[in-house]
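Dear colleague,

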Amino acid sequence: MKYVLMAGLVLLTAAFAAPALAQDIQLVDVAELSGGGATVGTNFKNGVDLAVEEINAAGGILGHKIVVTHADTQSNPGVARAQVQKALDSNPYVLLGPGYSGSVKVTAPLAEEAGVTQIMGGEAAELTRMGNKFLFRTSFGQQSSMPKAAKYMAEDMKAKSVAVVWVNNDFGKGGRDTIEKEFDRLGMKVVADISTEAGQADFAADVAKVKASNADAAFVYLNEEESARILKEFKRQAVTTPLMGETTLVGQKVIELAGDAANGARAHVGLTTDAPIDSIRAFRERFVKKHNYVPDHNGIKGYLAIYMIKAATEKMGKVDPKGVADALHGLTIKAADQPGILMDVTFDENGDIDRQGFLVEVENGKQVIKQILPKLH
Amino acid sequence: MSSLFDLVISGLATGAIYALVAIGFTLLWQTSQTINFAQGEFAMLPAFLMLAVGRTGAPFWLAIILGALLSVAILGIAFKKLLVDPMLRHGVLPLAIATMALSVAMKESVKQFFSAEAQPFPSIAPSGSVSIFGSEVSLQSFGVFAFGLAAVIGLNLFLERTSTGRQMQAAAQNPTVARIVGVPVERMIMLTFVINAALVALASLLVTPIYLAKFSSGETLGQAAFIAAIVGGFNQVRGAIIGGLAIGVLDNLAAAYVSTQYRAAVSLALLIVIILFRPEGLVGRSEERTV
């Protein structure tokens, strides 16, 4: 009997000792793995997985391995909230995602209350205006990107009248509100304001409205799958109105889905695997080798998120979940020091980013960079 | 004006697809009292079967043929033998509920085993447009409408002008008397399921290039086809045709002239009105049953 007790005591000690030795960095990724945003979440997840694999192969962050678990929001903010609550109950080092702004909006207060840093893919302007000190972007907020898109439409496309097609969710509303303010400031007239639904399949009526508006150009701001469908409809109805978007309209997955209907579409993009930058080309090759397809900007976002965590943790010199947010605020990460960050980036006090951007046009199924817009500071 | 014309043409194209799916609904009901709540998913799956065959390296035309044959085997023969026959013994309602479960199972299976993301799908209809009354009308819309119409006309000719077709109608109208006069009723019912599978496979082939192949695309299609069948008349094939075309056009006009957010509400409101004031549908026959 005493031998059994001895054996039990040894096992118990080992069980407590084991975690004390390993202390993995636990991350939870809450992403749109199904539903209308499946492209967004799947790409983000795949980018995360690639970065985690690379960093673990090189010894982890300060010697600690990263372990990431993925949860599906089903592109539904209610489900996202439940998944984030569940994730926070497991005390993650950092919370990753969601990608959809509507889901970020309802989950950010939970992470803030728990004091957990959240690195997400949402782009709605309001997300970094909520005073949340734990929320960080991986891409430009609409307040940074829309003025650039509007300026291009005014100066390069010489558009005086614009039709705005937007998706009726937090992402789309935020973008539409921001860009229409910019159009107003630049003296451009919005001759059609067309709202569409998330997950919408049929765009015949919306494209007919754009056609009937006789606008000089159309600004199209939908999520990925819907962007592909509307591009196909524009082609089907032989609409020649020049099309401009912001990131989503010309995403890699959108080009794949829309085929040659995507040719001619232009957009301001913050992240593209077609950028003429060595680190991005190399990332693209590694991603294609692991996942067998070319990632879109969401893949880059997921990848960057992990390297942001690495940079912040290395800055602190210790694995401290409470210090990640403070370490990120005001941090400039240079690609020369941290190649995984791909391009130099600075994070401000609100979690917004300052980074190089691009104006692209789709030609023969590929994004072609027309202009490079430098980092502001 | 040209905008209205565009909307009507593309509405007719979408409506033709709704009609194909709705005809299947009505045929299954008429011949075997089957209400198939998985009909929308039936119109989603063939595209994925074709994509799956295409992934083996087969050329597109072969993938279509093999995918269509697989659809007939799974959604026609297997569906009848493995689900309908065992459940129908217990009544119409248990079968209807079983098809709801089937709908969920099909959606989740495609999501799990193929992909949650949308997939591109090539079109068999020509690309480009033609100018009519000053409007550029898409050849794809014409093509979809033409294929759909050809299928419907072909089905009608089959039902009216061939011996097998008339036997199918006899089996639907009165199976007992049909048996007495020597109609192989069970074979005719199986043929209905096979025809339904062929119709949804065609609908899938026509609509997927527009809507993209996505595991959830059966939801809107199924709902639209169900409303079309009821509005047109659940016990008449021509009711499904009229209902389908009407819903297709109405949906487009509602999106353009009412609002995109409430477009679905317009056809649902029509459904309520029809159920309240003309439950047999626009061209359906009035039917009464003691329960």
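The notes below go through the sheets, then the helices, and end with a single residue in a loop.

This is a predicted model, in which local features need pLDDT of at least 70 and side-chain atom pairs count only at pLDDT 80 or more, while totals for chains, interfaces and linings use all residues. Residues are numbered from 1 along each chain as its sequence is written, chains are lettered from A and ligands numbered from 1 in the order in which they are written, and side-chain values use heavy atoms, with hydrogens and water left out.

Helices (H or I, at least four residues) and strands (E, at least two) are DSSP runs numbered from the N terminus, and two strands pair if DSSP finds at least two bridges between them. Five strands of chain A form an open sheet with parallel pairing, in the order 2-1-3-4-5. Strand 2 (66–72) and strand 5 (135–137) of chain A stand at its edges with a single partner strand each, so one side of each has no neighbour in the sheet. From one strand to the next the twist averages 25°, where axes are lines fitted to C-alpha atoms (for helices over the stretch in contact) and angles run from 0 to 180 degrees between N-to-C directions. Within this sheet, strand 1 (residues 25–31) of chain A runs parallel to strand 3 (residues 94–96) of chain A and is joined to it by three bridges, and A:Val28 stands opposite A:Leu95 in strand 3 of chain A.

A further open sheet in chain A has seven strands in the order 7-6-8-9-10-14-15, and its pairing is mixed. Its edges are strand 7 (189–196) and strand 15 (366–373) of chain A, each with a single partner strand, so one side of each is left without a neighbour in the sheet. Strand 6 (residues 161–167) and strand 8 (residues 217–221) of chain A pair in the parallel sense over five bridges, with A:Val165 opposite A:Val220 in strand 8 of chain A. Helix 7 of chain A packs on this sheet, touching strand 6, strand 7 and strand 8 of chain A, where contact means heavy atoms within 4.5 Å.

The axes of helix 7 (residues 204–213) and helix 8 of chain A come within 9 Å and cross at roughly 55°. That makes helix 7 of chain A oblique to helix 8 of chain A, given that angles under 35 degrees count as roughly parallel, over 145 as roughly antiparallel, 65 to 115 as roughly perpendicular and the rest as oblique. The contact is made by A:Ala204, A:Val207 and A:Val210 of helix 7 of chain A and by A:Ile230, A:Glu233 and A:Phe234 of helix 8 of chain A.

In helix 8 of chain A, 12 of the 13 residues are buried, so this helix is largely enclosed by the rest of the structure; buried means under 20% relative accessible area, exposed over 50%, and partly exposed in between (1.4 Å probe, protein chains only). Just after helix 8 of chain A, A:Ala238 takes a positive phi of about 50°.

Finally, A:Thr273 lies in the loop between strand 10 (266–269) and helix 10 (278–291) of chain A, and A:Thr273 is buried, with a relative accessible area of 3%.

With best wishes
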